[in-house]
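Dear colleague,

Please find the structure below. My notes on it follow, and I would be grateful if you would read them alongside the model.

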Amino acid sequence: MTRVAVVVGAHHAPGAACARRLLERGLDVALIGEDRGDGMHPGELLDGLPQTAGRCAVFPADPADSASFATALGRVRSTFGRTGVLVTCVGAGPDAASASGDAGPGATRAALRTLFVAGRTAAGDMVGGRWGRIVNVVAPVVTGEDAWREAQAVLAGVTAFTRSVALELAPFGITVNCVAPAALSPHERPSVGPAAPHGSGVPYPQAAADLTEHLVSDAAAAVTGQQGYVTGRLFAAAPRAPHATSDRGTGVGKR
Amino acid sequence: MTATTGAEVRSSRSAGVAVVTGAGRGIGAATARRLSAAGLSVAVVDRTELDTAETVAAVTAAGGTAVGVGCDVALADEVDAAVRRVNEVLGPVDVLVNCAGVTRDRLLLTMGDDDWDTVMDVNFGGTVHWCRAVAGQMKQGGGGRIVNFSSVAADGNAGQANYAAAKAAVSGFTRTLAAELGPYGVTVNAVAPGFVATPMVDELAERLGADREAFLAEAATRSALGRVGAAEEIGEVVAFLAGSASGYVTGQTLVVDGGRP
């Protein structure tokens with residue numbers, strides 16, 4: 001396993017949980033995302049982790065923009081080294097495509113474009129090393145009864161993208177999998193899904209991090225193209241966003 | 001009836017109004033003809049009005065009513081304008097079939113931004129734009145039928161990460177919209193065709209430098225029925241989902257691929 005992980009979408013709670021878990025396992029974690037200015041400092045992710053934890057830094061970029069993401073990944077390479085692990089966490093929010101909405105297909109379009117840009121760019125880095133792990137994580141951004149309904153387009157798109165890319169990248173030793181809340185599964189009846197407590201008492205972000213930790217390990221070398229539904233509790237509170245440090249990504253936090 | 005475009009269109013036996021996007025050729029054209037045979041007046045939508053001419057002519061030659069409408073489904077403004085035109089000429093929309101689709105097959109590492117955006121914006125965005133544009137009038141009219149087009153590629157396919165994601169998103173969106181519009185008597189379903197002999201497949205074979213007949217023969221081996229599908233067979237399934245016999249079916253994606261061998 002390489003020691004460099006890129007996490008996109010750490011402003012979502014599952015993304016942040018995955019980043020913290022990878023740090024805890026000693027990987028250097030680069031957070032690539034837009035500078036929201038209202039959230040988490042890498043130091044907060046590292047807070048309470050052991051001395052063996054990896055380094056962490058934020059690299060501001062628009063992860064749905066090819067040039068912006070490529071620039072950020074280049075800076076990750078010069079700071080930490082070549083990317084071996086990519087965790088992309090995308091929100092499953094409303095397209096408002098439906099009867100009441102007027103926003104169009106924006107949410108799904110943005111989420112899937114982020115997967116595409118991040119996946120293509122990072123995979124280019126991984127191919128040379130003949131090893132890589134890509135995990136696409138779905139984060140519900142709508143709670144309550146609407147969560148299932150609003151997540152369906154993104155969830156389906158994430159799954160199809162994951163399966164397709166897994167087939168393409170397997171010859172290079174790169175696995176591609178995705179993680180999503182069981183309560184959002186298409187096979188789940190909405191009436192017993194997001195509105196009710198689901199599965200274990202473990203919050204979904206933690207459950208997603210548990211599975212992601214396994215999927216990026218050497219032990220999961222034979223697992224690719226799969227969709228892991230985890231039965232964690234969906235979170236209710238709005239997650240905090242990662243915050244770019246004043247050194248714009250050149251500073252590296254270390255516990 | 002010799003209806004062509006605009007105010008010239010007259011209907012003598014309409015059982016409602018259907019819009020079929022991507023109806024200039026292939027599955028869309030077959031669907032338009034089939035819905036016309038079922039008595040619906042049909043708005044034949046394709047990139048340009050010229051692209052719709054052949055289908056409009058076929059429908060009207062068979063005694064149906066059709067209007068050709070040029071529209072880039074990826075652009076919300078054009079879709080809104082197209083709906084206004086359909087309403088003016090034919091009336092409120094009872095049936096919407098979102099068949100417009102494109103492919104830009106590339107492996108991920110060589111796929112350009114434009115390959116991704118075009119496929120996403122036409123296949124998924126176009127479906128969303130049209131559904132949003134007609135959902136209000138279907139609610140107001142007390143019901144309706146929406147049939148979207150997914151694909152068996154939505155299960156994942158190497159070289160089609162863009163198309164697979166877009167078509168899967170259509171299936172997911174279909175489930176969402178079915179839940180939202182169900183209370184208003186509107187059913188929303190999707191059809192996922194397998195390998196169907198259409199001009200789009202012909203173009204694919206040409207791009208790959210493959211002999212068309214050999215290409216189709218190879219594809220036939222991947223069907224339990226041992227053959228590729230015909231556009232008319234997809235049109236029949238759409239007609240079922242657009243008709244009264246499917247009134248209790250919604251939120252589904254119906255795979256029409258000749259079965260797995």
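Helices (H or I, at least four residues) and strands (E, at least two) are DSSP runs numbered from the N terminus.

Some conventions apply throughout. This is a predicted model, in which local features need pLDDT of at least 70 and side-chain atom pairs count only at pLDDT 80 or more, while totals for chains, interfaces and linings use all residues. Residues are numbered from 1 along each chain as its sequence is written, chains are lettered from A and ligands numbered from 1 in the order in which they are written, and side-chain values use heavy atoms, with hydrogens and water left out.

Chain A

The secondary structure of chain A comprises 6 helices and 8 strands, in the order β-α-β-α-β-α-β-α-β-α-β-α-β-β from the N terminus. Of the 255 residues in chain A, 58% are buried. Among contacts (heavy atoms within 4.5 Å) with a separation of 6 or more in chain A, 82% join residues 24 or more positions apart.

Helix α1 of chain A covers residues 13–24 and reaches 16 Å from its first C-alpha to its last, close to the 16 Å expected. Its buried residues include A:Pro14, A:Gly15, A:Ala16 and A:Cys18. After α1(A) comes A:Gly26, with a positive phi near 95 degrees.

A:Cys18, with a relative accessible area of 1%, is buried. Beyond its neighbours within four places in sequence, A:Cys18 contacts A:Val87, A:Val137, A:Ala208, A:Ala209 and A:Thr212. A:Thr212 is 194 residues from A:Cys18 in sequence, yet their C-alpha atoms are 6.8 Å apart.

A:Asp125 belongs to helix α4 (residues 106–129) of chain A. This aspartate is buried, at 8% relative accessible area, and touches A:Leu73, A:Arg77, A:Arg82 and A:Thr83, residues up to four places away in sequence not being counted. In the loop between α4 and β5 (132–140) of chain A lies A:Arg130, which has a positive phi of about 55 degrees although it is not a glycine. A:Arg130 is partly exposed, at 49% relative accessibility.

The second largest pocket

The volume of the second largest pocket is about 510 Å³. Its lining has 23 residues, with A:Arg163, A:Pro186, B:Asp155, B:Ser171 and B:Arg175 nearest its centre. At least two lining residues each come from α5 (146–169) and β7 (227–230) of chain A and from α5 (161–181) and β7 (253–256) of chain B. The largest share, 5 residues, is supplied by α5(A).

On a 1 Å grid over the protein atoms alone, a pocket is an open set of points where a 1.4 Å probe fits, with protein on both sides within 12 Å along at least five of seven lines; lining residues have an atom within 4 Å of a point. Points are joined across faces, edges and corners, and the volume is the space filled by probe spheres set on them.

Yours sincerely

Key: Buried < 20%, exposed > 50% of the residue type's maximum accessible area, 1.4 Å probe, protein only. Expected span 1.5 Å × (residues − 1).
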